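Reader: I'm new to this structure and would like to learn how to read it. Could you walk me through it with me asking the questions?
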Amino acid sequence: MLGASGAALCLGTPVIPPLDLIGLLAGDGDDPRVTVVVVQLRLPRVVLALLAGACLGAAGLVLQEALRNPLAVPEMLGVSAGAALGVAVPLVLSLSLPALLVPSLALVGAALGGALTLVAAGFGRSPSAVLLTGAAITAALQAALLVVMVMADQLSLQIIYRYLLGSLSARTWEHVGGVWPWLALAVPALVLCAPVLSVLRLGDDDASALGVRVGRARLLALGVVVVLIAPVVAVCGPVAWVGFLAPQIARRLDPTGHAVRWLPWSIAWGAAIVVVADLPARLALAPVETPVGAWTALVGVPVGLLLLRSGHRSAGGGKRSGAGAGDRPTSVPQGSGTGGPAGEGNGHGGAVPAVRLPVVPPDPVPRLPSGSVRDTGAGEGR
């Protein structure tokens with residue numbers, strides 16, 4: 001992340017030597033034009049990329065843990081589409097709005113999209129219902145966005161199209177100022193929400209038994225996601241696949257962890273992904289800039305498929321090893337009343353030690369004296 005940030009500040013037109021970068025950031029540059037390029041153009045773009053990636057990574061982890069589904073991303077729950085619709089409508093209607101008000105419109109659109117998903121899914125009672133309903137709401141909001149784009153003129157259509165792909169082009173300190181106040185609200189809620197996510201991972205029944213109100217906790221988690229995603233979408237557009245990749249990489253780094261330990265890793269990897277993707281977006285086809293969302297999707301699709309495939313392989317290997325260990329016969333005798341074949345229920349790879357139970361001999365059958373009459377019914381019952 002640090003290397004990509006330094007490269008983003010040094011590379012371009014003009015190229016800045018790394019040794020001169022510290023002096024330029026401190027305002028000691030000889031050429032004021034170079035100072036303006038670095039301090040007023042490149043530096044806010046890097047800061048915004050770090051903030052956007054951190055928000056997307058945190059939002060992706062919160063959604064995946066709250067819904068217990070690794071495929072839960074902001075793009076599939078109506079949040080990103082609602083925020084994009086809230087920004088596109090004033091642009092098409094040619095409404096002159098200050099930059100600080102644009103995140104508010106995106107927040108309203110994201111809140112409406114998330115609220116529609118929750119109402120249609122029964123206020124989050126079923127995680128699978130929330131995910132499927134969110135995909136349907138997202139499709140409906142994208143259809144409404146297409147209707148708005150049909151009404152736009154050529155210039156507005158180009159702006160909306162570039163915005164929908166996610167772009168950091170021509171972003172200044174004014175845009176950064178429109179993001180950080182909302183982050184100041186989201187960070188405390190995120191800190192309070194992270195421990196609850198670890199409990200929700202156990203399942204609704206177990207979480208309720210531990211005293212967590214599952215419905216309210218899931219609503220709180222989705223509310224935090226709205227506050228994290230809305231200002232980013234308002235300024236940068238919906239940058240795809242970051243909210244999916246960052247939590248997946250964080251889990252691979254710490255497979256035995258939980259939400260509290262994965263959260264900082266997910267934030268860091270989200271920031272790194274956006275900063276690294278912005279380098280080819282700005283330099284690959286220079287002087288033409290490409291949207292950063294196109295590069296995150298271009299890299300995110302194959303990497304995401306590889307992560308999911310490796311996860312399925314590891315899960316399948318664990319099941320095979322557990323089944324093999326459970327099929328081994330134990331030292332418990334079959335006639336000791338244990339009930340069922342040996343090894344049944346021992347699916348944890350032999351973690352439960354074998355217990356050798358004492359063998360109790362059966363009661364001896366009394367012999368009848370010779371010449372006595374046998375009771376056939378009694379003998380059969382015996």
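Predicted model: local features only at pLDDT ≥ 70, side-chain atom pairs only at ≥ 80, totals over all residues.
Reader: How many residues line the largest pocket, and which lie nearest its centre?

Author: The largest pocket has a lining of 26 residues. Nearest its centre lie Val87, Leu91, Ile159, Tyr163 and Ala234. The space in this pocket comes to about 650 Å³.

Reader: Which helices each supply at least two residues of that lining?

Author: They are α4 (79-92), α5 (102-120), α7 (154-165) and α11 (214-236). The biggest share comes from α7, which gives six residues.

Reader: How do the lining residues divide into nonpolar, polar and charged?

Author: There are 17 nonpolar residues in the lining of the largest pocket, along with seven polar and two charged ones.

Reader: Now for helix pairs, please. At what angle do α4 and α5 cross?

Author: For a pair like this, look at the angle between the axes and then at the residues that touch. The axes of α4 and α5 cross at roughly 135° and come within 7 Å. On the α4 side, the contact is made by Val79, Gly82, Ala83, Gly86, Val87 and Pro90, and on the α5 side by Val102, Leu105, Ala106, Gly109, Ala110 and Gly114. Eight of these contact residues are nonpolar and four are polar, with no charged ones.

Reader: How do the axes of α3 and α13 cross?

Author: Helix α3 (residues 32-67) and helix α13 (residues 259-283) have axes that cross at roughly 140° and come within 7 Å. That angle makes α3 oblique to α13. The crossing of α3 and α13 is right-handed. Residues in this contact include Arg42, Gly53 and Glu65 of α3, and Trp262, Gly270 and Asp278 of α13. By class, the contact of α3 with α13 holds 13 nonpolar, four polar and five charged residues.

Reader: Are α1 and α13 roughly parallel or roughly antiparallel?

Author: The axes of helix α1 (residues 2-10) and α13 come within 9 Å and cross at roughly 25°. Angles under 35 degrees count as roughly parallel, so α1 and α13 are roughly parallel to each other. Here the crossing is left-handed.

Reader: Which residues meet there?

Author: From α1, Ala4, Ser5, Ala7 and Ala8 meet Val275, Val276, Leu279 and Arg282 of α13. The contact of α1 with α13 has six nonpolar residues, one polar and one charged.

Key:
Residues numbered from 1 in each chain as written. Heavy atoms only, no water. 1 Å grid on protein atoms, 1.4 Å probe; cavity = no way out; pocket = protein on both sides within 12 Å on 5 of 7 lines; lining within 4 Å. Points joined across faces, edges and corners; volume = space filled by probe spheres on them. Helix = DSSP H or I, 4+ residues; strand = E, 2+ residues; numbered from the N terminus. Nonpolar A, V, L, I, M, F, W, Y, C, P; charged D, E, K, R; others polar. Axes fitted to C-alpha atoms, helices over the stretch in contact; angles between N-to-C directions. Parallel < 35°, antiparallel > 145°, perpendicular 65-115°, else oblique. Left-handed = near helix turned anticlockwise from the far one by under 90°. Contact = heavy atoms within 4.5 Å.
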